[in-house]
Amino acid sequence: MDRRSFLKAFAGVGSLAASGAFPAPALSQGAAAKTLRFVPQANLANFDPIWGTQYVVRNASQLVWDTLYGVDDQLTPQRQMVEGEEVSSDGLTWTFKLRSGLKFHDGEPVLAKDVVASLTRWMARDSMGLMIKALQKELTAVDDRTIKLMLSAPYPKLLFALGKNNTPMAFIMPERIAKTDPFQQITEYIGSGPMKFARSEWVPGAKAVFEKFADYQPRNEPFSWLAGGKKMLIDRIEWIILPDPATAAAALQNGEVDWWETPIPDLVPVLKKNKSIQVDIADPLGNIGSFRMNHMHPPFNNVKVRRAVQMALSQEDYMRAVVGDDTNLWKTIPGFFTPGTPLYTEEGGDALKGKRDIDGAKKLLAEAGYAGQPVTCIVAQDQAPLKAMGEVTAELLKKLGMTVDFVATDWGTVGQRRASKSPPGQGGWGMFHTWHAGADCANPASYIAIRGTGEKAWFGWPDSPEVEKEVAAWFAAKDLGEEKAAVARLNKAAMEHVIYVPTGFYFGYQAWRSNVSGVVKGPLPFFWGVAKA
Amino acid sequence: MLAHIGRRIVATIPVMAIVALFVFSLLYIAPGDPAAVIAGEQASPEDVEKIRRGLGLDRPFLSRFGDWSWHILQGDLGTSMFTGLPVTQLIVQRLEPTLSLMVVTLILAVTIAVPMGVMAAWKAGTWVDRGLMAFAVLGFSVPVFVVGYLLAYVFALELDWFPVQGYTPLSAGFWPWLENLVLPAIALGCVYIALIARITRASMLEVLQQDYIRTAQSKGMGQGGILFVHALKNAAVPIVTVIGIGVALLIGGAVVTESVFAIPGLGRLTIDAIVRRDYPVIQGIVLLFSLVYVLVNLVVDVLYTLLDPRIRY
C-alpha cells in the first residue's frame, strides 16, 4: 500500500463515522453557528501583505485591510473605499474621494494621508506600483478625504492596479504603520476591513482568529469577489492550520472544521461521497505549471535547446502526474495566459500542440551543438506538484539524450538556489519547476514570469526585447481590442523565445460542510456572504 | 552529591556553548533562504535581496554569531524572522502541548513496558515471552505516523472514542485535556514501550540468574515479591538509563506525532521553522531540547545513586 492509498483509506473511513460526534469547542449553539472554522492552504507565518507576498498572507489580509478599488469576477476594478474619482482629460491627474465614515479598527477615521502613505509603501514592492512610481510627479492628500495623483504620462491600468487581487494588493493601512520600510515587517495589524485580527489568539503554525468589525461599512452593491458589499454574516473566523491532508479530511468529515481551502486530489473522491460535504472547483482561474529554464547558462542559453524541450514536452504527462486522471481538473494550453479570461490566446502556440516530436527535438539539440552538458534540475520534494513535474522532466530530458543532474531538495532551497546567477556547476541551476496562479496570468500586469527584461527579469532571466515591446503595447492599449492584439503578439514572441514552457493548466478543489452557505469560486477564498446554519 | 550536581550543572555551560556554535554553524552553511520564502513567488530577485539585507542575512558569520550569542547570554533567544514575535514567546506558546504529550507518553510507556519486560523475563522462552517480544519488535519497526493513522482510523473515526486532531489546554479540564492526548501518546509511545520492554527483559534475565534470587525462591518468597522487590530494583539502572535516552526519542517522535494529530506543540514549530528556514526559532528550539537532554541525563545520574547504593559521586 503506497502513501496515497493509505491516506485515502484513512480519510475514507471518516464517511462511516457519525457526523459531529467529536467533542465540539466549548461554544453555545448560536456562537458555534457564528464561528467559521477554516483550514487555509498554508500556515499564516507572518502578517504583512506588502513585506511578505505569499498568497496565504494576501488571503488573510483581505479580511483585515481594505482597498480603494476591488476587482469583480470579470477582473474589472470597481470602487471599494472610494466614493468617486476624477481624471483630467490628458489622463495625467487623478483625484480620488474616500467614502465618508470609514474607520480603522482602532477607531480612528481613514484619512487621505493614510492612503498616501499606504500607496507609497505598496508602490515600492509591486510591479505595477513601481511603474506608477516611475511616472508619479505628485501624490498628496488634498484634504481628509481627497487624494491627488499626478503623473508624467497616462497610465490606463491605474484603477486595475489599485484593485487587483494579485500580491501585493494595494491595502490601506494607518499612516503610522504604512510608514514602515517596505522591506521590514509591520508590527501592528490595524486595518479598516470587515474583520479585526485577534492578535492575542494568534499561534503561528496553529491558529489565527479574526473577529467581526462592528464599525465596518460595507458598500450597498452586491459583492463580487473584491468588489461590492463585504457583508459579514459570521462573527468569528478561526483559521486552523492542519498540515496533514488526511487529518484535515477527517476533521472536515467529522465537523471539527467547516471549510477546507485546498483538499488534495487524492482525497476528493472520498469527500464527494460524504453527503455532509460540498466539493467544488476553488479557483476558476486555476494554475499554470511552469518548466523554467536558466537563460544565462548552457545549455538553455541557446534558444534551440529551449525549443527542443518545448517541442518534446507533453503537457498531458505533466498534468496526469500532478493532478491525476480527472480530466475535469486540467487541460493542455498552447499559450501563456489563463484560459477563460478575455486575453487568452493561442497565437504562436503551435509548438505545444499535437503529437510530441522527440526525434525532431533530438535533431534540434544536435543542431544547437548540445554535447552532453549536465542539466541541473532543482526539484522541490516537499511540494507534491513540483516533485511530480520534476520526475516527468527527468524522464523527458533523458529521452532526449540530455544528461540530467537531478537535485532533489526542498522548496526553501529552490527559493535560494534559483536566485543564483552562477553557472550550474558552481551553485547555479539549469531548470526548476513552479506554478503560477491563473489570476496572475490573466494579463501582463502582474505576470512577472513572462517578462523578458534580462538580468532584471524573474528567475531564469530571459532577455527578449520583442516580449517587452508587446508588454508595453498592452499597458498603453486603450481598449480591449488593442489589449487582445498586443497579448496575441506577446504570446507569440514569448513562445518563440521560449520564456518558459507551460506544463499545463489545472484547477484545485475546495470543500466545505453542507451547513455552510455562500462559498463562491474565486482566486482567493472570500468570506463575505458566507453563513453557517 | 550536591557538589557533584553543582559540577555537572557548571559542565552544562560549555556543552551548551558547543551546541550553540554547532547549530549556528550548521544553519549558516545549510542551503535555503528565508528571504525567498518571505518574499513569495511574485517577488523579483532584487526584492528578495532587499529583504535578506533587512533581515541581516548579508552580514558575515562572526558578526551574526556574536550578536546572537550576546543576546543568548542575556536570555534573549531572538525574534522569529517570519512572525516578528520573540522566540521565547513562540516556545512558551507551544511548550504546554509538547510537555503534556511527553508526560502522558512517558507515564503510559513506563506503566506498560516495565511489567511487559518483567513478564517476558519471568516467562523467558515461552509463548508469552515470544509474543511480548514480537510486539516489541513491531513497536520498533512501524513508523510513528503509520501507528498514528491506524489509531485515528480505529479509535477516532470508527469507534468515535477520541477526537482526531487538536489540543485542549489542561486549564479547560482534565478529561478534555487527556482526550486529545490519548491517541498521540499511544502512537508516540510504541517505540518507547518496545525499547523499555526489551531492556527490562534483558536486565531482568541477568538479575534472575543471581544467587540471591535463588535464595529468595528457596526461602519460599512469593513470585511477585521476587520480581518486583528484589529483581526489578537491581535491574533498574539500565532501565532508568534507557528511559533517559528515550527522552530524545520522544522529542524526535513528537515532531511527527504533532503533525499527524495537529497538536500545536514544539514539534510542529520545529518543522515549520525548518521548512521556512526561520533560523532564530530553530536555534532556540535546538538549544532548549539540548538543555532538556542534558538535564535529563543529570537526573538519571542522580537516580543511579538512589537505585544502587554502590554508586557514589
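Author: Domain bounds in this account come from an automatic or database domain assignment. By that assignment, chain B is divided into domain 1 (2-73) and domain 2 (93-307). The structure is a predicted model, in which local features need pLDDT of at least 70 and side-chain atom pairs count only at pLDDT 80 or more, while totals for chains, interfaces and linings use all residues. Residues are numbered from 1 along each chain as its sequence is written, and chains are lettered from A and ligands numbered from 1 in the order in which they are written.

Reader: How do you know that domain 1 of chain B and domain 2 of chain B are in contact, and how many residues are involved?

Author: Two residues are in contact if their C-beta atoms, placed from the backbone, lie within 7 Å. By this test, 14 residues of domain 1 of chain B are in contact with 13 residues of domain 2 of chain B. The centres of the two domains of chain B, taken over C-alpha atoms, are separated by 32 Å.

Reader: Which element of chain B gives the largest share of the side of domain 1 that touches domain 2?

Author: Helices (H or I, at least four residues) and strands (E, at least two) are DSSP runs, numbered from the N terminus. On that side of domain 1 of chain B, helix 1 (2-29) and helix 2 (34-39) give two or more residues. Helix 1 of chain B has the largest share, with 10 residues.

Reader: What makes the pattern of chain B a row of α symbols?

Author: Chain B has 13 helices and 0 strands. Read along the sequence, the pattern is accordingly α-α-α-α-α-α-α-α-α-α-α-α-α.

Reader: Why is helix 8 of chain A called mostly covered?

Author: A residue is buried if 20 or more other C-beta atoms lie within 10 Å of its own, exposed if 12 or fewer, and partly exposed in between, with C-beta atoms placed from the backbone. Of the 9 residues of helix 8 of chain A, 8 are buried, including Ala246(A), Thr247(A) and Leu252(A). Just after helix 8 of chain A, Gly255(A) takes a positive phi of about 75°.

Reader: Which elements of chain A give two or more residues to the side that touches chain B?

Author: In total, 51 residues of chain A are in contact with 45 residues of chain B. Helix 1 (3-12), helix 8 (245-253) and helix 14 (411-417) of chain A each give two or more residues to that side. Helix 14 of chain A gives the most, with 5 residues. By class, the side of chain A that touches chain B has 23 nonpolar, 20 polar and 8 charged residues.

Reader: What makes the largest nonpolar core, and how many residues has it?

Author: A nonpolar core is a set of buried Ala, Val, Leu, Ile, Met, Phe, Trp, Tyr and Cys residues joined through C-beta atoms within 7 Å. The largest such core has 241 residues, and those with the most contacts inside it include Leu68(A), Leu252(A) and Ile196(B). Helix 9 (residues 182-208) of chain B gives the most to this core, with 16 residues. Leaving aside its neighbours within four places in sequence, Leu68(A) is in contact with residues including Val82(A), Phe96(A) and Leu162(A).

Notes. Ala, Val, Leu, Ile, Met, Phe, Trp, Tyr, Cys and Pro count as nonpolar, Asp, Glu, Lys and Arg as charged, and the others, Gly among them, as polar.
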